[in-house]
Amino acid sequence: MFYREAGDFSTTYPQDSQTFPIKFDRWRYYAVLFVAVVVIPFMVNDYWVNSIFMPFLIYAIAAIGLNILVGYCGQVSLGTGGFMAVGAYACYKLMTGFPEVSMFIHVLLAGGITAMVGVLFGLPSLRIKGFYLAVATLAAQFFLVWLFNKVSWFYNYSASGQINAPERDTFGILITGPNTEAWATYMFCLIFTIFSAVVARNLTRGSVGRQWMAIRDMDIAAEIIGVNPLKAKLTAFAVSSFFVGISGALFFAVYLGAVEVGEAFGITKSFLVLFMIIIGGLGSIFGSFAGAAFLVLLPVLLKIIGVDWLGWPTDIVAHLNLVIVGGLIVVFLIAEPHGLAQLWRVAKEKLRLWPFPH
Amino acid sequence: MNYKLGTWAVAGLMAASPVMADLVFPSLSYRTGPYAAGGIPFADGYADYFTLLNERDGGIGGVMTRVLECETGYNTEKGVECYESTKGEGALVYQPLSTGITYQLIPKATADDIPIHSMGYGRTSAANGDVFSHVFNYPANYWNGASAAINHILDLNGGDISGKKIALVYHNSAYGKEPIRTLEKLSEKHGFELSLLAVDHPGQEQKSQWLQIRREKPDNVIMYGWGVMNQVAVQEAANIRFPMENFIGIWWSGAEIDVQPAGDKANGYKALALTAVGDDFPLYDELRQYVVDTGKAAGAGDQLGTVPYNRGIYAAMLAAEAVKVAQKMHGTDDITSGQMRDGMENLVITEELMTELGLPNFGPTFSVSCQNHGGEGLVAVTQWDAAAGEFVTISDFAPTDMDVIQPLIDEDSAAYKAENNIESNCN
């Protein structure tokens with residue numbers, strides 16, 4: 001009744017090709033943006049930002065990045081943790097090398113550096129695909145973690161091999177370090193999340209995204225119709241790594257503040273982000289958000305229910321957590337192999353016909 | 001977005017619950033994951049001691065204590081979540097039992113005016129209280145441990161170890177890397193040859209490291225391991241028939257559970273110690289009477305007297321004593337975290353005090369000051385007796401080489417101070 005195209009007339013081409021062609025969708029999108037930008041910053045405290053919003057926003061960026069590579073371009077990657085580490089260490093070196101520069105610039109540059117590293121490790125994708133490419137990116141994961149552990153220049157020769165984010169600001173507002181305000185770090189991450197989502201969404205709608213999808217669906221056919229696989233694959237690696245690098249930089253500098261490469265950016269991180277996009281939905285920006293929310297918020301929610309409400313022992317809850325999250329993943333993949341994004345799509349289709357489905 | 005709204009509602013209810021007047025001790029424990037073998041008994045000991053205080057004395061100075069347990073799984077992200085969710089409850093002191101989480105909490109807790117007690121772990125240079133106002137690592141730190149191990153080797157060799165080969169097998173993390181610089185300095189001073197063998201998290205795969213040890217034949221092996229890594233290392237050492245009496249672990253590699261899987265072959269394995277071993281102390285009788293027999297023990301209640309359990313008891317005891325000092329200093333029983341910090345900074349542990357608490361000779365004596373948050377750094381050595389199934393103390397709490405350690409502490413803390421523009425705490 002409310003969710004329909006009827007009565008919404010496009011009179012110009014930009015109107016016709018906008019991201020959310022249905023009016024209800026558009027307003028919902030503006031409402032979410034409004035709540036996220038205008039309402040939440042005035043309501044959050046440290047707990048909300050550090051335990052819930054920040055991990056969600058940062059993992060959403062990483063999931064968007066990986067989704068471009070895996071979901072849109074079909075190049076399986078297990079190197080996400082390694083690329084996040086590149087972003088984090090690049091950001092650390094920039095922060096300590098140029099303390100007076102704004103954090104915005106540092107994070108963007110860290111993304112840029114990661115993009116270059118990503119292209120480098122994307123070169124094998126021109127020759128190999130599928131599982132073999134996964135193994136090649138797995139090598140990137142282990143190599144990068146080893147590199148940041150081994151070469152002490154990356155961690156400024158500190159005794160422990162840890163990197164610590166010093167206090168840095170942007171426009172005079174502290175973004176990193178212990179004395180930050182909850183709303184400032186939240187807004188900082190939110191800006192990057194919105195930026196990533198908008199850029200990714202529009203890239204995937206345009207010619208670049210169509211090339212990626214052509215490569216994903218059938219690379220030989222794509223080549224025959226004139227898609228340059230070198231350009232398509234390497235741009236996918238570059239854009240994907242750019243976002244993953246941004247998320248790594250934020251993960252280290254804004255969220256954790258101190259990072260140890262093996263623990264924070266190990267292979268488990270690569271799998272975590274991969275699970276996010278598989279559960280959320282491959283080839284969908286909304287799916288990246290849904291997957292990140294699912295895997296970040298569900299454990300916190302289960303912990304609050306189990307420990308704080310029911311008063312169960314913490315170890316039982318921690319184990320139950322694994323069982324429930326694991327079980328839900330299996331259920332989701334059986335019931336809806338295309339992820340949460342597909343559920344969303346189906347729901348929208350149903351809404352279009354509601355309340356007269358016949 | 002729907003998930004977000006759901007959790008909003010949940011936490012709204014959570015925040016609405018009232019805060020009572022009590023002394024809150026968060027326990028960032030890990031009863032799951034590859035490091036649970038050490039995490040469980042420590043968390044049990046920590047909780048049991050406060051339960052005893054509540055049951056026997058009605059709290060500390062008449063104010064009940066409350067242990068808030070939060071599972072971290074030794075994972076830094078969960079550690080952050082635990083810190084944020086517990087700090088609002090009036091947390092007095094954090095003991096994360098993880099070097100990674102400690103590193104993360106140092107700036108945060110300092111900004112929130114909550115002290116951290118990283119007992120025998122964490123950032124070693126935090127011993128310099130002038131820079132690290134809210135971090136304490138008494139009674140001993142990683143560098144004391146490295147020096148104590150070398151001192152023990154020196155004792156065995158009549159004071160001369162020049163030309164000896166010593167290998168360090170370490171957990172490839174901030175924790176394991178901490179002693180490297182100290183050992184390098186000590187190797188310059190004493191003329192031994194140091195080789196470094198890193199073991200990656202979680203430490204189940206050590207074949208290549210021990211193959212290298214078999215090839216290089218070092219005279220002594222020092223280990224900085226934790227969790228499942230310890231058991232594997234002791235087993236591997238037994239497999240290559242490395243003489244166990246030349247194998248010394250840090251205090252995190254010296255629990256019963258680390259050596260038991262290797263059976264008789266682990267006999268003679270040595271480990272440094274922060275506390276006495278066993279349960280032959282008057283306090284343990286009271287623990288049994290008030291806590292275990294009444295069914296109030298944390299966990300399964302079967303860990304009494306194990307090395308990590310004793311360490312948990314010791315950590316809780318030091319925290320409780322610091323509370324008493326703070327209560328006396330500030331003339332109030334329901335202290336705040338800032339007052340707790342003052343209490344910790346003026347803590348003095350003497351033999352008489354420990355005897356009075358029912359823990360004679362349980363740990364080293366030390367005193368904390370504004371400049372020195374690390375105590376005197378006395379460390380004991382224990383040895384595993386496989387037949388009896390227990391660790392035996394073979395050398396009493398002895399001083400370590402502060403001539404080497406102090407300059408390193410000053411250097412590292414000065415670097416931190418400059419990096420973060422920290423003002424002096426002690427003037």
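**Reading a two-chain model**

Analyst: Let's start with a pair of residues: B:L168 has B:L196, in β6(B), as its bridge partner. This is a predicted model, in which local features need pLDDT of at least 70, side-chain atom pairs count only at pLDDT 80 or more, and totals for chains, interfaces and linings use all residues. Residues are numbered from 1 along each chain as its sequence is written, while chains are lettered from A and ligands numbered from 1 in the order in which they are written.

User: What makes β5 and β6 of chain B a pair?

Analyst: Two strands pair if DSSP finds at least two bridges between them. Strand β5 (residues 165-171) of chain B and β6(B) have seven bridges, in the parallel sense, so they meet that definition. Strands are DSSP runs of E with at least two residues, helices are runs of H or I with at least four, and both are numbered from the N terminus.

User: Why are β6 and β13 of chain B said to stand at the edges?

Analyst: Seven strands of chain B form an open sheet with mixed pairing, in the order β6-β5-β7-β8-β9-β12-β13. β6 (193-199) and β13 (390-398) each have a single partner strand, so one side of each is left without a neighbour in the sheet. Neighbouring strands of this sheet are turned by 25° against each other on average, direction ignored; axes here are lines fitted to C-alpha atoms.

User: What makes chain B as compact as a globular protein of its length?

Analyst: Chain B has 15 helices and 13 strands. Its radius of gyration (taken over C-alpha atoms) is set against the globule rule, 2.2 Å times the number of residues to the power 0.38. The value is 21 Å, close to the 22 Å that the rule gives for 427 residues, so chain B is as compact as a globular protein of that length.

User: How do you know which residues count as buried, and how many do in chain B?

Analyst: A residue is buried if 20 or more other C-beta atoms, placed from the backbone, lie within 10 Å of its own. Of the 427 residues of chain B, 58% count as buried. In chain A, buried residues make up 47% of the 358 residues.

User: What makes residues of the two chains count as in contact?

Analyst: Their C-beta atoms, placed from the backbone, must lie within 7 Å. By that definition, 40 residues of chain B are in contact with 37 residues of chain A. Elements giving two or more residues to this side of chain B include α1 (2-16) and α15 (402-420).

Note on methods
Buried ≥ 20, exposed ≤ 12 C-beta atoms within 10 Å, placed from the backbone. Axes fitted to C-alpha atoms, helices over the stretch in contact; angles between N-to-C directions.
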